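Hi,

Here is the structure I promised to pass on. Have a look, and my notes follow below.

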Amino acid sequence: TLSITLTALILACCNYAASAQTLTPDLKAVPDGKGWKGSIDATKVTEKDGAAAIEFNKRGQNVVWLDGFEFSAGTIEFDAKGKSTPPQSSFIGVAFRVVEAATHDAVYFRPFNFREADPEKKSHAVQYVSEPQWPWQKLRQEKPGQFEKAIEPAPDGDAWFHAKILVEKRQVKVFVNGATEPSLVVNELSDRPGGSVGLWGNGYGVIANLKITQKK
């Protein structure tokens with residue numbers, strides 16, 4: 001009976017491993033455009049704790065994504081750093097369901113709002129968008145408070161923070177710095193079942209330790 005139980009346990013573990021596939025993309029290759037597409041000229045390689053990181057430092061919506069990659073459901077994890085001042089200078093996050101630069105979903109952060117004294121501005125700390133149909137302006141106007149939230153406890157807007165984005169059953173949950181409760185929970189606004197995964201930046205922002213775990 002013990003051997004049967006152990007066999008069942010081993011099989012269950014193997015089945016789990018087979019159903020989840022983890023990818024750690026090569027961030028060093030982004031500025032060369034090797035395996036990556038999009039706003040390559042808006043990126044440069046820097047580092048975090050000896051590992052390659054990607055810095056954005058260009059205004060405008062900049063998206064770079066993995067060429068030929070398909071993601072349907074799973075988790076996207078990364079470390080990110082922006083800056084708290086001046087306002088509107090630092091937006092950083094990840095894109096998924098990417099078809100092209102103008103067609104993607106994204107979760108991004110506004111570090112200058114993390115510890116903002118004004119509660120309304122603080123409530124704009126983390127944002128979900130679905131381009132091109134649902135940019136942030138339209139969401140804020142037509143669905144206020146639903147697709148952007150504050151982060152509690154609020155991270156330091158000038159320090160590294162960790163984000164985990166769970167995409168499952170057409171729902172997106174965003175967890176920050178190991179929190180057990182999500183900072184943001186939304187239903188996806190696009191009907192695309194797949195698409196690539198990439199990095200998203202506007203102004204200053206850095207991303208390191210990108211890890212994508214795909215559920216099959």
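A term to begin with: buried means under 20% relative accessible area, exposed over 50%, and partly exposed in between (1.4 Å probe, protein chains only). This is a predicted model, in which local features need pLDDT of at least 70, side-chain atom pairs count only at pLDDT 80 or more, and totals for chains, interfaces and linings use all residues. Residues are numbered from 1 along each chain as its sequence is written, and side-chain values use heavy atoms, with hydrogens and water left out.

Now the aromatics. Rings of Phe, Tyr and Trp (its six-membered ring) pair if their centres lie within 6.5 Å; planes under 30 degrees apart count as stacked, over 60 as edge-to-face and the rest as tilted. The whole structure holds eight aromatic pairs. In one of them, Phe 78 and Phe 109 have ring centres 6.4 Å apart and planes at 65°, so the pair is edge-to-face. Phe 78 and Phe 109 are both buried. Phe 91 and Phe 112 also make an edge-to-face pair, because their planes stand at 80°, with the centres 5.2 Å apart. Phe 91 is buried, as is Phe 112. One aromatic cluster is formed by Phe 78, Phe 109, Phe 114 and Phe 161.

Two charges sit over rings (NZ of Lys or CZ of Arg within 6 Å of the ring centre and within 35 degrees of the ring normal). Lys 48 lies over the face of Trp 160, 5.3 Å from the ring centre, and the charged end of Arg 110 is over the ring of Trp 136, at 5.8 Å from its centre.

Best wishes
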